[in-house]
Amino acid sequence: MFHFGRTVDYLRISITDRCNERCLYCLPEGYHGWERQPDHLTAEEILRVVRVAAGLGFRKFRLTGGEPLVRREVPDLVRAMAAIPGVECLGLSTNGTRLAALAAPLRQAGLRTVNVSLDALDPQVYRRVTGGDVAAVLSGIRAAVAAGFERVKLNCVLMRGVNEGELWPLVLFAAEHGLPLRLIELMPLTRTDVLTEANFLPVGEAMEFLRQRDELLPQPSRHLGWGPAKYYRLQHTGALVGFIGALTTPHFCETCNKLRLTADGKIRPCLGDHGELDLREVLRQTTSDEAVREVFRSALQRKPLEHSFRGQYQPCRPMTAIGG
Ligand code: SAM
């Protein structure tokens, strides 16, 4: 599908808003926005959406959440998605805590790429950011590498004074294991008391920090898929580091190629814009796939030229409820 002269062919599908961690930037302790009885799309509904999207020209799909691996049927869902004609690239974003057991079955089911959140290596810092146990994540990363995915990337959300001291250890870890590391600016998708100036660390500063320790060699644009990261190879350590500066990078949205599907069945045309279209009602009221296609077309029309994070954007739904 085309919009503002770009091809939109990437659907990011959140399959749950629940998570087994409590990341400061995504689902902080004390978040009360849950529906008591979540009414998530069923696996059959998700597959119907994927079939329609693939028919419209979507080629890249990623399962996310919340934590997608808290849903038991993920390997079956992956297998069924991978068999749909047009599904060329199928990825998963995870916090890695359940990957040790699931990496091999997911790979066998047809999953091609995995992104793992890793905000710190130090167990105490990791626990402060996520509430979880970094040892489980490191086992998950090892299992993902052993399972032979086409790509395993690491994601780290930068928070000044929280995990900035972990930056260099993470770069060395990424280099040692040959895994790309992406450094992500904190987006306003969590509780406002976390979103302080003091917590925000621009990617430009992280870049300068790395430049004082190594030489940064820019990599071609569109490196490692079609994500928004700008990649550099660190000449001496060999690490490949991507910077995702959603707030500070001019023209950040220019190459945005995605729509999002939330776990409760809303199409969200832009992460940084509150507009959403209700697909769940359409899926449940009609068997007509044309009606589903129509929602996609309307969503595309409503995709803004750029996000509103730099304006007066107020987080009504945290990242976990949208799907990162
Ligand atoms: N639980 C999975 C995980 O940890 O990757 C999938 C969901 S998580 C929302 C997906 C990605 O969104 C993670 O890489 C996470 O770091 C990122 N993320 C979440 N909240 C964010 C925020 N407020 N700003 C920037 N990135 C965020």
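These legends go with a handful of close-up views of the predicted model. Residue numbers start from 1 along each chain as its sequence is written, and side-chain values rest on heavy atoms, with hydrogens and water left out. Since this is a prediction, local features need pLDDT of at least 70 and side-chain atom pairs count only at pLDDT 80 or more, while totals for chains, interfaces and linings use all residues.

**View 1. The shell around the ligand.** There are 19 residues around the ligand, and Tyr25, Gly66, Glu67, Ser117 and Met187 come nearest (near here is a heavy atom within 4 Å). Sorted by class, eight of the shell residues are nonpolar, nine polar and two charged. In that sorting, Ala, Val, Leu, Ile, Met, Phe, Trp, Tyr, Cys and Pro go down as nonpolar, Asp, Glu, Lys and Arg as charged, and the others, Gly among them, as polar.

View 2. Serine 117 puts a polar side-chain atom 2.8 Å from an oxygen atom of the ligand, and asparagine 155 has a polar side-chain atom 3.1 Å from an oxygen atom of the ligand (a polar contact is a pair of N or O atoms within 3.5 Å). With methionine 187 the backbone takes part: one of its polar backbone atoms sits 2.9 Å from a nitrogen atom of the ligand. Taken alone, the ligand exposes 540 Å², and the protein buries 95% of that (Shrake-Rupley areas, 1.4 Å probe). Strand E5 (89-94), strand E7 (151-158) and strand E8 (181-185) are the elements that each give two or more residues to the shell.

**View 3. The largest pocket.** This one holds about 460 Å³ of space, a volume being the space filled by probe spheres set on grid points joined across faces, edges and corners. A pocket is an open set of points on a 1 Å grid over the protein atoms alone, where a 1.4 Å probe fits and protein lies on both sides within 12 Å along at least five of seven lines; lining residues have an atom within 4 Å of a point. Of the 24 lining residues, Pro228, Ala229, Lys230, Thr249 and Thr255 are closest to the centre. Helix H7 (203-211), strand E10 (230-234) and strand E11 (240-244) each give two or more residues to the lining, whose residues divide into eleven nonpolar, ten polar and three charged.

View 4. Isoleucine 184 is part of strand E8 and counts as buried because its relative accessibility is 12% (buried is under 20%, exposed over 50%, partly exposed in between). Serine 14, in strand E3 (residues 10-14), is buried too, at 3%. Its C-alpha lies 4.6 Å from that of threonine 64, 50 residues apart along the chain.

View 5. Histidine 251 is in the loop between E11 and strand E12 (258-261), where its phi is near 60°, a positive value in a residue other than glycine. At 57% relative accessible area, histidine 251 is exposed. Threonine 7, from strand E2 (residues 6-7), is partly exposed at 36%.

Key: Polar contact = N/O pair within 3.5 Å; in protein donor to acceptor, adjacent residues only side chain to side chain. Helix = DSSP H or I, 4+ residues; strand = E, 2+ residues; numbered from the N terminus. Buried < 20%, exposed > 50% of the residue type's maximum accessible area, 1.4 Å probe, protein only.
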